[in-house]
Amino acid sequence: MSVKVLLAITQAFALTMSVAFLVYVVVIVVPYLRRKPGPVGDPADFTWHFFVPCRDEQTVIRETIRYLRTTFRRAHVWVVDDDSEDRTARVVRMLWRRHGGYDPYLHLVPRVRPEARTGKGDALNAAYRALNDWMGPDASRDDVVVVVVDADGRPAPNCLEVCAADHLFGDPEVGAVQLDVWMGNTDTPPPSRNPVGRWFGLKLAQLQDLEFRTAIAAIQTSRGFTGTISMGGNGQFTRLTALDSIAGDAREPWRGSLLEDFELGVHLLTAGWRTGFTPDSHVSQEGLYSLRRFLVQRTRWGQGTMQCARYLRRIWDSPHVSTLGAAEMMYYLAQPWLQLLGSLLYPIPFVLLVIGTAGDPAQMWTWFTGGAWILFAIYGSFGLLPFLVWGPIYQLKCLRSRNVLRGIGMGFAYAAYIYTFYVTSWRALFRLVRGRNGWAKTRRNTEQAAGVKVALDA
């Protein structure tokens, strides 16, 4: 292949990357940086019910229940025991029987196999039906809000007043609100004797915090303009009447996808509800220290996104979703497929260079003197910049630190972190092709390795 052809291909790639980055900055980065805190509301205007799905969560559930019950004293806590093999249910019952009496705000929803252990969505559906049965057919439902919290979740104390604001649940058209997500262990290294392992585990948890608090928060903010804010699996607030509107005769607002949170958002948006996102409050969760568990988690998320492609027609045909909103949602659903395609296309200029110079080594000098290396540098830079930019932003905006060099270092680490998604997309595709759709929870950092499932169900 001639140097001219290689230059043309590289120039096209570099130009595409440059334009994409400029659009990225204008549409996503700038609105995130310019956003101001919103007003708050009165939590007493609503009745709050926390759903906590649990599967072998004895190591964390005690403190989670105590936190929820002491921080939100008038909120009900519904713990779904998904046929745990440990003492999860026993811990809940012990906390229920407090001071010789019973806690009327704490509820246990037990599940047994074969109905149990079939996915987080099914566990949440069980809590939804239990809440309906407890409320009765004549209870008022307009002011009831359901909050999904993971077994290790810690919603910020101000989350109810933030979500009760006029622009969120104070607006009757808003069916769901998603909180910002933080990692609560970014200053706590894993208990390892290996200093490299401690450093790597802590850095991995910090990169997850960076991802959620900057890039994901910025994307959610930009979705406010397209009307397509999506739900997360933790810190998910949903109006009960919104759940009712999509539950159907089976009383199942959550469906069978491995990405049940995004799936819920699709059903709410196409049913005519608006969704909101607020970084004015947050929910803390445990960042993963293990790369293996991280890859398993992201493989499940990637596979769930691929499964949700079945909603493309529903999204496109919905009169409640704008053309721009439909395009944004379709782009999101295309992400794992674009990552698969990108892993094949991005190396093309470099592969062509190797092939071309292998047959005629003299072309390498021609390539260098002809300035093609500049295009390669531009191509590589703009391929990294959308990720590198979040390192300094995280350092300045989230950590309130002016250590710019550390921020740049975090940016490079985040770029490497993001490129693992190319691996998880291929893993998700192989699982999808082989029909391996089983669901397994992500193992907690505090759980022992023995007897705990580490990988996805076969």
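Where does Asp 83 lie? The answer is given in the legend of the first view, and the legends below all describe a predicted model.

**Figure 1. Two aspartates with positive phi in loops.** Asp 83 is found in the loop between S2 and H3. Its phi is positive, at about 55 degrees, although Asp 83 is not a glycine. With a relative accessible area of 18%, Asp 83 is buried. Asp 56 belongs to the loop between S1 and H2. Phi of Asp 56 is near 55 degrees, again a positive value in a residue other than glycine. Asp 56 counts as buried, at 19% relative accessibility. Most residues other than glycine have a negative phi, and most peptide bonds are trans.

Figure 2. Pro 114 is placed in the loop between S3 and helix H4 (120–135).

**Figure 3. The buried side of helix H2.** Helix H2 comprises residues 61–71, and its buried residues are Ile 61, Thr 64, Ile 65, Leu 68 and Arg 69. These residues lie on the same side of H2, because they cover an arc of only 120 degrees around the axis. An α-helix has 3.6 residues a turn, so residues three or four places apart point the same way. The cover over the buried residues of H2 includes the strands S1 (47–54), S2 (76–82), S3 (106–111) and S5 (154–155), together with helix H3 (88–96).

Figure 4. Eight strands make up an open sheet of mixed pairing, in the order S3-S2-S1-S4-S7-S6-S8-S5. S3 and S5 are the edge strands, each of which pairs on one side only. S1 and S2 run parallel and are joined by six bridges. Phe 50 stands opposite Val 77 in S2. Helix H7 (residues 240–247) packs on the sheet, where it touches strand S4 (144–148), strand S6 (174–183) and strand S7 (236–239). The direction of H7 makes about 75 degrees with that of S7. Strands of a sheet pair through backbone hydrogen bonds, either parallel or antiparallel.

**Figure 5. Aromatic rings.** The count of aromatic pairs comes to 18. One of these pairs is formed by Trp 96 and Tyr 102, whose ring centres are 4.5 Å apart and whose planes stand at 40 degrees, so the pair is tilted. Trp 96 is partly exposed, with a relative accessible area of 33%, whereas Tyr 102 counts as exposed at 55% relative accessibility. One aromatic cluster is formed by Phe 294, Phe 387, Tyr 414, Tyr 417, Tyr 419, Phe 421 and Tyr 422.

Figure 6. Lys 397 lies over the face of Tyr 32, at 5.3 Å from the ring centre. Arg 223 lies over the face of Tyr 332, and here the distance from the ring centre is 5.1 Å.

**Figure 7. The surroundings of Thr 214.** Thr 214 is part of helix H6 (residues 195–226). At 0% relative accessibility, this residue counts as buried. Leaving aside residues up to four places away in sequence, Thr 214 touches Tyr 32, Trp 390, Ile 393, Tyr 394 and Cys 398. Thr 214 and Tyr 32 are 182 residues apart in sequence, yet their C-alpha atoms are 8.1 Å apart in space.

Methods
Residues are numbered from 1 along each chain as its sequence is written. This is a predicted model: local features need pLDDT of at least 70, side-chain atom pairs count only at pLDDT 80 or more; totals for chains, interfaces and linings use all residues. Side-chain values use heavy atoms; hydrogens and water are left out. Buried means under 20% relative accessible area, exposed over 50%, partly exposed in between (1.4 Å probe, protein chains only). Helices (H or I, at least four residues) and strands (E, at least two) are DSSP runs, numbered from the N terminus. The arc is that of the directions from the helix axis to the C-beta atoms. Contact means heavy atoms within 4.5 Å. Two strands pair if DSSP finds at least two bridges between them. Axes are lines fitted to C-alpha atoms, for helices over the stretch in contact, and angles run from 0 to 180 degrees between N-to-C directions. Rings of Phe, Tyr and Trp (its six-membered ring) pair if their centres lie within 6.5 Å; planes under 30 degrees apart count as stacked, over 60 as edge-to-face and the rest as tilted. A charge sits over a ring if NZ of Lys or CZ of Arg is within 6 Å of the ring centre and within 35 degrees of the ring normal.
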